[in-house]
Amino acid sequence: MSVVAREIRLKSRPEGLPGPENFELAERPLPVPQAGQLLVRTLWMSVDPYMRGRMADRPSYIPPFRLGEALEGAAIGVVEQSGAEGIRPGDLVSHFAGWRDRALIDAASAIPLDPAGVPVQAWLGPLGFPGLAAYVGLLRLGKPKPGETVFVSAAAGAVGAVAAQIARIRGCRVIGSAGSEEKVRWLREEAGLDAVINYRSSGDLTRALAEAAPDGIDVYFDNVGGDHLDAALALANPFARFPLCGMIERYNAGAPLPGPRNIFRVIERSLTLQGFIVSDHLDLLPDFARDMRRWIAEGRMLWRETVVEGLERAPEAFIGLFAGENFGKMLVKLADR
Ligand code: NDP
């Protein structure tokens, strides 16, 4: 039976902070799945800061979204019709055709999920790409040793909260930064960080970080860039490692912003700054899945979610990322199973 799907399309390319006018809700009839295809009904979809980069028409590590076409991104769905052997209606899968309530996808691109005691949307958060980004960035690039000091920015976000807790599990002294008192309290009291800076109220960030890290920092996990990177460079110990995961403070800037004023610290302190894209490190998936499931089962890895209900509210959820409206993973819930 054919169905009509609802989808969010990119109507125009945002300049500066995206607004609702950049998106449109549209309908698309979907044919029945052919051999090797699945018709999935979306339960949850992810909105992520990196999607802002795909809204600009410029070459990057991933092609730009096309005007007038549905956006895409990570999603969890339930199979409604299957043209693939071994996948049955009712099965749960993770896939990349988010921003729509139903999608026709290649079965080869779908990953079957076995929730086994974990809420299924965790595969968009700690068990998904945000968790893997934290794992790769912190462990492969940050190489923290027990007793070292690790600083994580946007520490109450999807990636940051996982990176900070992995550092804590590894026996490091962990400092985070976040943009509200509620987030600061959770990071201190629940997630077990040693010190947390509210960068909105702290005043000079370098001074605040110096107070929180009297012995300097050995690893800086950067999600923000800007003043945060400046402060981390100022406090870096010799041979500190800086996994550069994201720089959200500049995603809505029209023109390139100046780099860190104190970049010479990289030479003075023999620092290693290394950017990364999580999809270049999929070899770590088995280790990541094993460790993350164990930490979750042992109660050592906590996470928060902000849930916005309804496909039509997905643009609002996405835009909210740039104002810190999410506490933990920003998710859009489309339907119950
Ligand atoms: P988050 O869940 O952390 O959401 C974004 C958060 O960033 C907001 O909640 C807000 O928190 C903070 N923020 C927004 N604007 C600013 C600003 N101008 N200055 C300081 N903080 C700001 O998002 P993710 O965990 O999904 O992503 C975190 C970072 O990691 C992003 O930069 C993203 O692009 C990057 N990323 C990179 C990957 C890679 O492969 N390299 C993979 C996945 C993510 P607050 O209230 O604290 O301000």
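Which side chains meet in a salt bridge at 2.7 Å, N to O? They are the side chains of Lys333 and Asp336. A salt bridge here is a side-chain nitrogen of Lys or Arg within 4 Å of a carboxyl oxygen of Asp or Glu.

## About the model

This is a predicted model: local features need pLDDT of at least 70, side-chain atom pairs count only at pLDDT 80 or more, and totals for chains, interfaces and linings use all residues. Residues are numbered from 1 along each chain as its sequence is written, and side-chain values use heavy atoms, with hydrogens and water left out.

## Salt bridges

By the salt-bridge rule, the count comes to 21. Start with the pair above. Lys333 counts as buried because its relative accessibility is 19%.

Another salt bridge joins Arg290 to Asp287, with the closest N and O atoms 3.4 Å apart. Both residues sit in helix α8 (residues 285-297), and they are separated by about one helical turn because they are 3 residues apart. Helices (H or I, at least four residues) and strands (E, at least two) are DSSP runs, numbered from the N terminus. Arg290 is partly exposed at 47% relative accessibility. Asp287 is also partly exposed, at 31%.

Glu298 and Arg300 make a salt bridge too, at 3.0 Å from N to O. Glu298 is partly exposed, with a relative accessible area of 43%. Arg300 is partly exposed at 32%.

## The ligand and its shell

There are 28 residues around the ligand, and Val159, Lys183, Tyr199, Val278 and Asn326 come nearest. A residue is near a molecule or strand if one of its heavy atoms lies within 4 Å of it. By class, the shell has 18 nonpolar, 7 polar and 3 charged residues. In this scheme Ala, Val, Leu, Ile, Met, Phe, Trp, Tyr, Cys and Pro count as nonpolar, Asp, Glu, Lys and Arg as charged, and the others, Gly among them, as polar.

Gly179 has a backbone N or O atom 2.9 Å from an oxygen atom of the ligand. Tyr251 places a polar side-chain atom 2.8 Å from a ligand oxygen. For Asn326, an N or O atom in the side chain is 2.5 Å from an oxygen atom of the ligand. Taken alone, the ligand exposes 910 Å², and the protein buries 90% of that. Accessible areas come from the Shrake-Rupley method with a 1.4 Å probe; for residues, only the protein chains shown count as cover.

Phe129 is found in helix α2 (residues 129-142). Phe129 is partly exposed, at 41% relative accessibility. Together with Leu282 and Leu285, Phe129 makes a nonpolar surface patch of about 250 Å². Patches are made of residues with over 30% relative accessible area and no salt bridge: like charges are joined within 9 Å, nonpolar side chains (Val, Leu, Ile, Met, Phe, Trp, Tyr) within 5 Å.

Gly131 is found in helix α2 as well. Gly131 is buried, with a relative accessible area of 0%. From Gly131 to Met301 is 170 residues in sequence and 11 Å in space, C-alpha to C-alpha.

## Loop residues

Lys143 is found in the loop between α2 and β8 (149-152). Its phi is near 45°, a positive value in a residue other than glycine. Lys143 is exposed, with a relative accessible area of 52%. Ser270 lies in the loop between α7 (265-268) and β13 (272-275). Ser270 is not a glycine, yet has a positive phi of about 50°. At 35% relative accessibility, Ser270 is partly exposed.

Glu85 is in the loop between β4 (75-82) and β5 (92-95). Glu85 is exposed, with a relative accessible area of 84%. Glu85 and Gly36 are 49 residues apart in sequence and 7.7 Å apart in space, C-alpha to C-alpha.

Conventions. Buried means under 20% relative accessible area, exposed over 50%, partly exposed in between (1.4 Å probe, protein chains only). A polar contact is a pair of N or O atoms within 3.5 Å; within protein, one must be able to donate a hydrogen and the other to accept it, and residues adjacent in sequence count only if both atoms are side-chain atoms.
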